[in-house]
Amino acid sequence: MAIEAPATRPANPRFSSGPCAKIPSYTLDMLADAPLGRSHRAAIGKEKLKAAIEETREILGVPADYKIGIVPASDTGAVEMAMWSLLGARKATMLAWESFGAGWVTDVVKQLKLDAEVKTADYGQIVDLATVDFNTDVVFTWNGTTSGVRVPNGDAIPADREGLTICDATSAAFAQDLPWDKLDVVTFSWQKVMGGEAAHGMLILSPRAVARLESYTPAWPMPKIFRMTKGGKLNEGIFKGETINTPSMLAVEDYLVALAWGREVGGFAGLKARADANAKTIWDFCEARDWIANLAEDEATRSNTSVCLKFTDDRIKDGAAFAKAVAKRLEKEGVALDVGAYRDAPAGLRIWCGATVEQADIAALLPWIEYAFEAEIAAQTEAA
Ligand SMILES: Cc1ncc(COP(=O)(O)O)c(C=O)c1O
């Protein structure tokens with residue numbers, strides 16, 4: 001029996017987990033106000049950078065006494081700047097449940113060569129935060145982009161901890177609640193939930209993180225692009241938009257446009273609701289079928305941004321080849337781009353559900369996943 005292709009296609013087939021879909025109705029004309037060819041130190045450049053910081057604070061609800069800086073090298077730059085500047089003062093605990101968290105473990109253990117306790121969980125699972133000693137400095141990823149597993153809440157993090165919590169929140173910020181009082185460093189980039197451009201990182205510091213910066217000097221040399229202090233004091237300029245080196249004013253304008261859209265859709269609550277609705281559409285689809293499931297084992301840890309799925313049909317002979325073939329078929333049909341699982345993750349699909357993705361597009365995509373699944377099962381039988 002021929003398998004019939006669904007009648008409707010997603011209007012926007014972009015479901016990549018980064019760079020993520022631009023805001024709905026995006027056009028390059030929206031960037032017309034970018035002060036191109038002007039110095040980022042000129043009044044207009046400084047104003048734009050300051051606005052990016054202030055709008056971020058407003059939408060995310062970052063406490064007034066936390067510092068927000070725009071730093072080089074995207075989220076990686078922000079995380080590494082934090083680890084290189086803050087770690088080493090006390091014992092570190094490194095948590096990882098997917099590829100990016102594992103990358104931070106490598107940084108700390110193999111590059112910084114620090115005395116660290118490493119706690120890991122397999123793809124689909126999470127480290128139990130109740131077992132972590134928060135009197136050590138703890139580095140972790142809020143939302144594991146490559147496993148679709150997120151921290152459910154900050155309840156296990158004590159308010160009176162002695163260590164710092166350093167949190168890579170790049171695929172969580174703007175879509176998931178971040179308990180600011182439990183987090184000393186939060187990082188993210190612009191190209192995830194807000195659909196901005198890849199370029200710069202956002203580095204958010206609590207007063208305790210600032211106190212550490214001003215009271216501790218690491219034993220290792222610090223490159224200029226990591227340096228946040230001058231003469232033992234925080235370089236306040238960085239947190240007002242006086243970037244360490246030259247930013248892209250086009251990328252800054254693009255972020256400002258995305259933030260303005262974020263306000264239009266209801267600020268943080270609206271952005272989160274969009275991601276929740278997108279993810280729920282997929283969860284419900286999986287719930288009603290016995291051949292596809294969420295990679296996240298515990299419902300409380302299911303991501304509402306990077307939704308990772310695995311095929312569970314026992315007719316599948318080669319899981320990796322099968323998942324790749326499904327993703328390829330979806331791409332060839334023009335209904336889903338970049339939805340293959342991350343290269344180090346278990347075979348399957350990863351569908352970005354962040355705020356810039358339209359729920360109607362997710363709804364239109366799902367019958368195509370069923371179609372591609374059935375087509376690949378049939379192709380497998382024919383090949384046998
Ligand atoms: C959890 C996590 N951390 C770090 C990164 C690296 O981010 P960037 O490329 O912005 O440096 C990513 C990218 O997807 C990510 O998902």
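This is a predicted model: local features need pLDDT of at least 70, side-chain atom pairs count only at pLDDT 80 or more; totals for chains, interfaces and linings use all residues.
1. Overall dimensions. The chain has a radius of gyration of 22 Å, in agreement with the value near 21 Å that a compact globule of 384 residues would have. Along the principal axes, the C-alpha trace spans about 75 × 50 × 30 Å.

2. Secondary structure and contacts. The chain contains eight helices and 14 strands. Of the contacts between residues at least 6 apart in sequence, 73% join residues at least 24 apart.

3. Burial and surface. Buried residues make up 56% of the 384 residues of the chain. The accessible surface comes to about 16,200 Å², and carbon and sulfur atoms account for 50% of that area.

4. Glu 197 and Lys 22. These two residues form a salt bridge in which the closest N and O atoms are 2.7 Å apart. Glu 197 lies in the loop between strand S8 (185-189) and strand S9 (201-205), while Lys 22 lies in the segment before H1, so the pair ties together parts that are 175 residues apart in sequence. Glu 197 counts as partly exposed because its relative accessibility is 35%. Lys 22 and Glu 197 are also linked with Asp 254 in a network of salt bridges.

5. Lys 48 and Glu 253. The closest N and O atoms of this salt bridge are 2.9 Å apart. The pair links distant parts of the chain, with Lys 48 in helix H1 and Glu 253 in helix H5 (residues 249-264), 205 residues apart. Both Lys 48 and Glu 253 are buried.

6. Lys 272 and Asp 177. A salt bridge joins these residues, with 2.7 Å between the closest N and O atoms. Lys 272 belongs to helix H6 (residues 267-287) and Asp 177 to the loop between strand S7 (165-168) and S8, so the pair ties together parts that are 95 residues apart in sequence. Lys 272 is partly exposed, with a relative accessible area of 23%; Asp 177 also counts as partly exposed, at 45% relative accessibility.

7. Glu 80, in helix H2 (residues 74-86), is buried yet has no salt bridge. The nearest side chain of opposite charge is that of Arg 343, 13 Å away. When neighbours within four places in sequence are left aside, Glu 80 is in contact with Trp 104, Asp 107 and Phe 226.

8. Cis peptide bond. Gly 18 and Pro 19 are joined by a cis peptide bond, with omega about -5°. Pro 19 is in the segment before helix H1 (43-60).

9. Positive phi at Lys 113. Although this residue is not a glycine, its phi is positive, near 55°. Lys 113 is found in the loop between helix H3 (99-111) and strand S3 (116-120). At 64% relative accessibility, Lys 113 lies over the 50% cut-off and therefore counts as exposed.

10. Positive phi at Asp 338. Asp 338 is likewise not a glycine and has a positive phi of about 65°. The residue sits in the loop between helix H7 (319-332) and strand S14 (349-352). With a relative accessible area of 48%, Asp 338 is partly exposed.

Definitions and conventions. Residues are numbered from 1 along each chain as its sequence is written. Side-chain values use heavy atoms; hydrogens and water are left out. Helices (H or I, at least four residues) and strands (E, at least two) are DSSP runs, numbered from the N terminus. Buried means under 20% relative accessible area, exposed over 50%, partly exposed in between (1.4 Å probe, protein chains only). The radius of gyration is taken over C-alpha atoms; the globule rule is 2.2 Å times the number of residues to the power 0.38. Contact means heavy atoms within 4.5 Å. Accessible areas come from the Shrake-Rupley method with a 1.4 Å probe; for residues, only the protein chains shown count as cover. Lys and Arg count as positive and Asp and Glu as negative; His and the chain ends are not counted. A salt bridge is a side-chain nitrogen of Lys or Arg within 4 Å of a carboxyl oxygen of Asp or Glu.
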